[in-house]
Amino acid sequence: MANPLRGEVIKLYKTLLYLGREYPQGAAFFRERLKSAFMKNKDVTDPDEIKKLVARGDFVIKELEALYFLRKYRAMKKRYYEPEN
């Protein structure tokens with residue numbers, strides 16, 4: 001019988017893979033780290049533990065989005081405002 005959280009885990013993986021395209025150290029680096037993190041936890045079967053891991057993944061998604069937003073903000077600020085010296 002398949003785990004009912006499997007779809008949620010796959011959705012998390014795909015979302016992180018999509019967000020990793022713009023990672024500062026490169027998409028290949030991010031993809032390798034993502035794969036190793038998921039493979040490390042592949043044998044977890046406890047639904048509560050899976051939910052905790054998915055919640056951690058959601059936190060990582062929010063952190064990545066904040067990182068990208070901050071990078072874009074800094075680029076805009078650098079273009080349109082004079083340096084404060």
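**Pocket lining and helical architecture of the predicted model**

The lining of the largest pocket is made up of 19 nonpolar, five polar and six charged residues, where Ala, Val, Leu, Ile, Met, Phe, Trp, Tyr, Cys and Pro count as nonpolar, Asp, Glu, Lys and Arg as charged, and the others, Gly among them, as polar. The structure is a predicted model, in which local features need pLDDT of at least 70 and side-chain atom pairs count only at pLDDT 80 or more, whereas totals for chains, interfaces and linings use all residues. Residues are numbered from 1 along each chain as its sequence is written, and side-chain values use heavy atoms, with hydrogens and water left out.

The volume of the largest pocket is about 980 Å³. Among the 30 residues that line the largest pocket, L12, L34, A37, F38 and N41 are the closest to its centre. A pocket is an open set of points on a 1 Å grid over the protein atoms alone, where a 1.4 Å probe fits, with protein on both sides within 12 Å along at least five of seven lines; lining residues have an atom within 4 Å of a point. Grid points are joined across faces, edges and corners, and the volume is the space filled by probe spheres set on the points. At least two lining residues come from each of α1 (6–19), α2 (27–40) and α3 (47–80). The greatest contribution to the lining is that of α2, with ten residues.

The chain contains three helices and zero strands, these being DSSP runs numbered from the N terminus (helices H or I, at least four residues; strands E, at least two). Its order along the sequence is α-α-α. The chain is more spread out than a compact globule, because its radius of gyration of 17 Å is well over the 12 Å that the globule rule gives for 85 residues. The radius is taken over C-alpha atoms, and the rule is 2.2 Å times the number of residues to the power 0.38. The C-alpha trace spans about 60 × 25 × 20 Å along its principal axes. Of the 85 residues, 15% are buried (under 20% relative accessible area, with exposed over 50% and partly exposed in between; 1.4 Å probe, protein chains only). Of the contacts (heavy atoms within 4.5 Å) between residues at least 6 apart in sequence, 69% join residues at least 24 apart.

The helix α3 comprises 34 residues and extends 49 Å from its first C-alpha to its last, close to the 50 Å expected at 1.5 Å a residue; the expected span is 1.5 Å times one less than the number of residues. I50, V54, G57, I61, L64 and Y68 are the buried residues of α3, and their cover includes α1 and α2.

Two residues of the loop between α1 and α2 were examined, namely G20 and Y23. G20 is buried, at a relative accessible area of 2%, whereas Y23 is partly exposed at 25%. Leaving out residues up to four places away in sequence, G20 touches A27, F30 and Y68, while Y23 touches F29, F30, L64 and Y68. The C-alpha atom of G20 is separated by 26 Å from that of P4, 16 residues apart along the chain. For Y23 and A75, 52 residues apart along the chain, the C-alpha separation is 16 Å.

In the loop between α2 and α3, T45 is exposed, with a relative accessible area of 63%. Beyond its neighbours within four places in sequence, T45 contacts N3 and I50. T45 and L19 lie 26 residues apart in sequence and 26 Å apart in space, C-alpha to C-alpha.
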